[in-house]
Every structure is written in structure tokens, then in C-alpha cells.
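Dear colleague,

Here is the structure I said I would pass on. My notes on what was found in it follow below.

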Amino acid sequence: MEPIMVGKNLSKEYQMGEVTVAALKDANFELYEGELLVILGPSGSGKSTLLNIIGGMDNASGGELFYQGVPLHQADAKQLTLYRRNDVGFVFQFYNLMPNLTAKENIHLAAQISKDPLPIDELLQKVGLADRADHFPSQLSGGEQQRIALARALAKNPTMLLCDEPTGALDSQTSVQVLKLLKESCRDFGKTAVIITHNTAIAEIADRVFYLKDGTIDRIERNSEPVSPEKVTW
Amino acid sequence: MLWKKTWRDIKENKGAYIACIIIIIIGLMVFSAFSMVIDNLKLSQKNFYSNQNFADGFIKVRSMPMSEVKKLQNIDGIKSIQGRLVKDARVLFPNRDENVYLRLVSLPSTQNSSLINGVDLLQGIPLNSKEMNVWVDNKFYDANKIEINQQIDVIAQGAKKSLRVVGYGRSPEFIYALRTSSDLFPNPETFGIAFLPYDVMKALFSYQEVANNVVFTLEPGASYKDVEELLKPKLKTYGLEAIYPRKDQVSHMLLSEELKGLEAAAQGMPILFLSIAGVILYIMLKRMVEQQRGQIGILKAFGYTEREVLGHYLSYALVLGVAGGLLGGLSGIALSYPFTSMYQLFFNMPGLNGQFSPRYLLLGLMLSIIFSLFAGYQGSKKILTLEPAEAMRPPAPPIGRKIWLEKVRFFWSILTAQGKMAVRNMARNKGRSAFIFVGIMFTFAILAFTWSMNDLIKVMLFDQYQKVETYDVKVTLSAPSNQKSAEGELYNFPGVKRVEPMAEVPATLKNKWLKKDVAILGIQEDSLLYNIMDKDYNKVAPPTNGLLLSERLARLLNAHVGTRLHLTDRLSQDEDNTELEVVGIIPQYLGVNAYMEIGALQESLGYKGFTTSYMISINPENISALQNKYRESAVIAGVDDLGKRLRQSQELMASFGSMIYIYALIGIIIGFAIIYNSSIITLSERSHELASMRVLGMTPREVLSVITFEQWFIGVLGMIGGIPLSKAFLVGISQSMSNDVYTMPTNLTSSSFVMAFLVTALSIWIAQQMAAQKIKRLNLADTLKARE
């Protein structure tokens, strides 16, 4: 199978005052269509940096990154915006919903800029919040907000879902719901999902796991039999 | 150490602070510059009036023996009274075509300190009663490059007389010297004052020992009204033409009006500008305190007292207040010099010099600091109630709520998600929305009002000279005469195409207890050279069965169409008064007149063929020949070239036009400051939302549209609100500025709306473009990592 994304020798350096911090070193990897990938590592291991580069939120300092053959490492701000607009859906630890838009309007906000959006009502059904469509974020629980955030990310019908600690602010039961939804979305809509987490338990649901340590991809493992989120022991 | 934080915070957000400081500067600049000019003008006026013993009352009579004038001295309340001769005469300068006039004013032969309206002699020797010598006013002297001992020729009684200039000076009576009431500005090149001994004046015009003009001063505490009542019966037999108090004397009135206008501006403008700056500062500090609550918590946890923390946040306001106050005060002082010079150009008074005044610098500084600290305190007082532990916790998340506008289904359904966010946000920040609304309203109103003023001044000047008075030349007779003879002669002059007579009859119009002295203009019914027009520029024929009144006259007399007015003709002083009905009311911006068909006017007053001047349509190349021919004529007092007057007005307008750009700039700065600040605040407040939208893949422009939608929405409402506000400005200004010399129209012009709309929109747009730069620089990853 052809990979949809290829990273070659990617690195990222930050200037922190007079010190140069190498957040990512020599990362080589491939992403495949429809897979569920977990990037695992302790804080400071470079997983957010990697996700930001994959998602077009940040540029690498060195190396090459190809998305469906297009060199993203050469893209300018405008091209990156287009890439995020058409191909990537983000889910954050703290949801980042618009506080003064209702659940449905939040999804609509994303759908309206997509060329080929998924039907909003169907997504609301899918995340099980059709009856709360007219609620504002402040009227929703954390899990509900994260499900709306997921629906919002899916609404644009992107190729990839990038999730930064999506269950980091949730209790175990809610986490299971969210992960289940993520996995189903991958399967039902054929999306590639990348989840970054420091929670090793989550790694069990993935097709593949990247282990990050000190800014490098330490090893990549394939799960021969990924478990379903309900069976994960928290 | 906290000062360092202040400086750095200010530097980081310098655009917003600079805009705020500029607004303070403008307010205080106007305050100190105008206040200094006002003080200067008032002091000069006061000293000049008291030093030269300026009259409290003025009387015009046809002819009154000097011995009779002296007797009036005994009237209760009169301190001193003085008869004199006043007469306009044409001046003949070699090689100059235009009409130049001198108002000849006689001075008593024996001069003492009690002399009323004494001349402040700037240079020269005393006048000699035995010689043909004069003093001229200094403006005329300078403008015409006259030299001491120069002979100037004037036409007196049809004969050329030579007068020797032995000095020049000025009189409080002619600080603002206008020849006729249709002049708006002094023109010393063509009109000046000459002071000469009474005996010389008497000889020049072959007068007996009489006066045609009387001035008097009042005893302290005496009432002018009472004195006027006592004087009137005694003056009647001598042909009383007018009697009026100092407040109606043209020069004094115009100076007072100018002072009134300046005072209003000196008080109103700073308050407006400081209020705008204050609100911006309030919003900025309020936002900063919310944003820095973590830092405030830490400071408090360290053991900083509330007073110290509050003091720190007030230091931002203090920096603004001090910087704005100092720069505003200093630039105001700097501005007061050219400003004073401008007044020197128009007002002929001693002691009008710009001078450094630390008083207004300090006063302005205090004003600025008080305003800033008050606004700053209001913005940051929340610090006082914040507990350290609470301060370090993030604030409660904003709550989304439905608003009433959502019930308007159609409106709501056409909005994009960004539009919905914007509209809900407006409702959430009601105070801020109201501020943007009011700010834009003022920006728009200032611009629309300024542009309208410019248009209206043009209307005032050019309607009169291009639409109403369409003759080329006006020939004024020295004394009213019979129509036919002169008309024939003028008609035969080469190049003359049309001649129309005009009768200007001084009269008193009375409606019950209201009365007004005006000139009634008699014009031919089919006149082509004097077009009376209604509001919509439709020609109105002068009536044969009644009077047309100018709007201001109608208001002064509380007269309406159908009102019957009592008319006393001041030429005859006959008691058998005429009653005439008001048949129409028309706008008139220069002067205050009543109109009637010339034949009907002559008949109703019993003067058959009475004419005071002729309006002539003539080929331009023949004008100077006409002027030359009648230059020395005894029957003709003047030949006025209307084109020349029009050109002078146009030149004057051009210099006033530059003021418009200054006001436009002020408008842009206010609009910019308001929109830029509100954008910056919104950006910092909602960086999370905006960054999330960027991550969703929206372009900076699409993200900006949430903010701009809000601003345009309020902005357009503000501009609509600015329309009635600018009308109110205009009506206010018109009411306070209109007098018998000119009446300000109050109709806003549509071009001013277009201009105001465009300029306001431009300032909003510029501010948004600058805010857009900040969105581009938003660090997405960092912003979104942070917990809300």
C-alpha cells in the first residue's frame, strides 16, 4: 500500500533565549490511509512537535515531508492553510470550541469551509448528541464537548484526524466513548487517525505505535491485534 | 521593577497607546491654543476699549446741529456725548481701476482724554484743524503701502480733494472693519478708515455746524434702554436713522461672536476628545487586568499591597495622561502663535501677540491626568476585589447565550457561522459595542458636519453672487434720485446690455412689540439681475401687494405668511405708518432684508421714481471704462464690480478649505483609534477562538471577518446615528453663529454624507488591516495548548 504521508529526516529546533532546543531529531516515518496511529511518549519527547508538523501548524527546521507526493516542507503559509482546510481535522485536549456558537453551529463553522463536507445532522447522530445540537459549549460536559470537537473535525471530511491528547481532560468512561468514536470514524469514513498521548494504555487500540523519546522516534511497532477501546484497562 | 513592566507592556501594544495619546493631544491642543487666543483677544479688547473710551451707544441722524448734540449731555445716564460727521468717500489711487473707499470719520478739533472712540495713533503727528490732513487706519496704510506725508485723492461732493496722510492708527470702533453688511471679511486694500479734524470734514462736504453721527458713553450703572427712550424723542426732528447699543455695533458684534465660538470650542472639544481617550483607556486597562490576573495573583501572593498593584496599573494611565497632556499643551502653545497671527489679520487691535503661557500647559496637563487616572481607576479597580488564590485561577469561561436577534429568523438564517459569532459577541459586550457605536457616530458627525460647513459657506457666498445677484456692476447713487434720467444715461454707455433700478429703503418693521431695522429692497417684478429664490431655487417675483421677508427676519419678527407688519420709513420719519402683509418667506444667507416690487414700494412710501442704485449687465471689457467715467462724479457714490467680489470670496474660501483636511484627519484618527483598539482587545480576548479557526483551515482574512463583521455592523449603525448628530451640530452652530450679517443654512449636503461615509469607512478599514497583521502572527500551537 502507498503511504499518504512520508517524513524523511525531519527535525525541529526552537530558539529559547540563547539556547537552541532540538525538539525533534531525524524523524523518519510513513502514514497509511485508514490506519489508527498512536504516538506515545513522556512530556518533552517531541510528540506535539511532530503532530504540529504533520498537521501543517508548524514548519520543520530540516528534512522533508510529503503529503500525497506534495512537498509540505516547501509550502508557504497560504498552502499550509489550504492543506489544513482540506485534508486535516484537529481534536484538542481542551476542545477549543467557540463559546458563543451552539454545538451545531460549531460543526457548521467547519463544514462551511469544506468543499465536500459531511452532513452535520448525521455527524450529530454519530456522536450521539443530536438532542443537544442547540446547546452552547458551556452547557455541555467535557465528554460532550470533545465529541462535538470530533464531529467538527470530521465535518470537513478530511483525510487525516490529528488528536492531541483527546482524552487528557476526560474521565476513563468518557475517554472510552471518545476513543470508540474515533476508531469507528476511522473505519466508517476511511480516515487516518493520529492520536498523541502519554497514556500507554491507549496504545493497545492502535494499528501502529510510534514510541518517542528525547525528540527521536525510538521505535515503531505494529499491533497484530488492536483491542477495542472498551477492553482497554485504564 | 514594575515600571519596567509598564514600559514593556506599552511598547508591546504601542499602536493602541499612540492612538490614545494622539486623541488626548488633539483635545488639549485645541484647549490650550484656543484658551490662550481667547485670553489674548479678551485682554486686548478690554484694554483697547477702555484706553480709547469706546462708545456704549451709536446714533445715526440725517443732520443735527452740534449745539443740540451738546444739550443731550444733560440726559440722565449719559456720561459723555459727541457729535461727528461720518461719510464714505471714494479714493483715487493712480493706476488702480478697482473701487477703493475710505470711511471719513471726524474727530473733535479739541482733543482731550474724554474723547469717545479715540484713535490709538501708532505713528505720526497730531492733526491740524486748519490743514487738509488725515490719519488713516494702520491696515489700510500697510495694505496700500502708503507713506507718511503722502497725498491721497478722494472724491468729495463730486470734486477731487487731496488729503495729506500725517499718521496712522486704529480705533476700537473698527477692529473688524466692514464697508457694507454684505461683506464677510475686512479687505483693507479696498476699504479703510480715515480720521480727520471736524473742521476739515465740514469744509470738505460743505456742512454747517452739524453732526450726522453721534456716539455716547454711559454713566456706570446706567441702562442703555432707558437712555435710548429718553434720547429718541429728542432726535426725531433731526431725522433719526438708527440708534443702537454697543452690542449691535458690527465690529464689536463680530468680535464677540468669534469669542463665543472660540469659547465653545475650547470647552467642548477637549471634553469630547478626553472622553473618547478615557473610554479607550478604560477598556484597555480592564482587558489587561483580566488578562494579567495570574500576574496580579502572584504579585499579591508575594505580599504586594492592593494599593501597590493598583498603582502599577494606574501607572499606564499616568504615562498616557502625562505624555498626552505635555505634548498636547506644548503643541497647543505652538499652535497659538500662528493662530494669533491669523486673528491679527482680521482683527485690528493692539496687544494681539502670541505668548507662552505656562498656565494652560499646567491646566491641560492636570485635565489630562485627571481624566486618564479616572478612566484608569475605573478600568482596573477590579484588582481590589481579587483574592490572590482566585486571581491565579483562570477566569470562568465565557458563556454563550442566545440573543433576541435570533428570533428574527430571516436575518439569522442568512448569517454565516462567523456572522453568528460576531452578532452574539456584540450582545455579550454591550458596553464595548455601545462605545464603538458612539465613537463611530462622532467620527461620522465630525466629518459630515465639517464638510457641510464647507459646502454651506460656499452656498452662503456663491448663491448670493452667482444666483441671486447676477448683475455685473452695481452703480450706487450718492443720494436717492429719480429713476428715469440716470437709467437712460447708463443704458447708452457702450457695452451695457441691461439696466435695472433698485430702491433700498431703510425702514423699521414692527410686529406687535417686535421690531427690526432693515433695508427694504425694491426690485423690478421681471428682474433678471436680482433673482429672489425660494428654498428649491425657484425664482420668486418681488410682490406688489406685500412684503417678502428673509427667514431670519421672519423669525426675529415672529412673522408668518399673512402677518401684517407695521412699517416706518426711516427716511421721512413720518408717523403716518404703512401696514403691509407678509406674502412670502425666503432664505437669505447674507444680510437681512425685506423685498417688494419697486413700483409698489415707491408708491406705498410716496416716493415716485425713488432709486438708490442701478444694477447693470455689461460686457466685462467695458467695466473699467464705466468705473473711470463715474469715478469723479458727484451723483455716483460707487461702481461695484461683482466679479471682483466673487473672486475675492473664492480666494478666501480656498484658504478655508485647508481646514477641512485637518478636521478630516482628526476624524480619521478618532475612527482609527477606536477600531484599532477594539480589534486589538478582541484579538487578545479571543485568541483561542481565532487560533482554532486558523487551525480549522481558515485564512487570516476569514478569521478577521468575525471581528470585521462586528465592526462593520456597529459601524454602519453608528454612521446612520451620525446623521442626526451632524444635523444637531449644524443647527447648534448655525444658531450660535447667525447674526444680521450672515445666516448659516442648516441643510446637510448629500456630498458631505458621501464624504463622511467614505472617510469613516476608510479609517475602519485601515485599522482592520493593521489588526489583520496581528492575526497572521498568531502562534497557533502555543495559543491552543494553553487552557482557556
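**Strand pairing in chain B**

Within β8(B), Leu163(B) is the bridge partner of Ile152(B). The two strands concerned, β7(B) and β8 (residues 159–170) of chain B, pair in the antiparallel sense over six bridges. Please keep in mind that this is a predicted model.

The hairpin of β7(B) and β8(B) has two residues between the strands, and Gln157(B) takes a positive phi near 55 degrees there.

β7 (residues 151–156) of chain B also pairs with strand β3 (residues 86–92) of chain B, in the antiparallel sense and over three bridges. In that pairing, Ile155(B) of β7(B) is the bridge partner of Arg90(B).

**Contact between the chains**

Chain A puts 24 residues into the contact and chain B puts in 25. On the side of chain B that touches chain A, at least two residues come from each of α13 (417–428), α20 (687–696) and α23 (780–785). The largest share of that side is the six residues from α13(B). Sorted by class, the side of chain B that touches chain A has 11 nonpolar residues, with seven polar and seven charged.

**Chain A**

Chain A has 10 strands and six helices. Of its 234 residues, 49% are buried. Taking the contacts in chain A between residues at least 6 apart in sequence, 71% join residues at least 24 apart.

Best regards

Technical notes. Residues are numbered from 1 along each chain as its sequence is written. Chains are lettered from A and ligands numbered from 1 in the order in which they are written. This is a predicted model: local features need pLDDT of at least 70, side-chain atom pairs count only at pLDDT 80 or more; totals for chains, interfaces and linings use all residues. Two residues are in contact if their C-beta atoms, placed from the backbone, lie within 7 Å. Helices (H or I, at least four residues) and strands (E, at least two) are DSSP runs, numbered from the N terminus. Ala, Val, Leu, Ile, Met, Phe, Trp, Tyr, Cys and Pro count as nonpolar, Asp, Glu, Lys and Arg as charged, and the others, Gly among them, as polar. A residue is buried if 20 or more other C-beta atoms lie within 10 Å of its own, exposed if 12 or fewer, and partly exposed in between; C-beta atoms are placed from the backbone. Two strands pair if DSSP finds at least two bridges between them.
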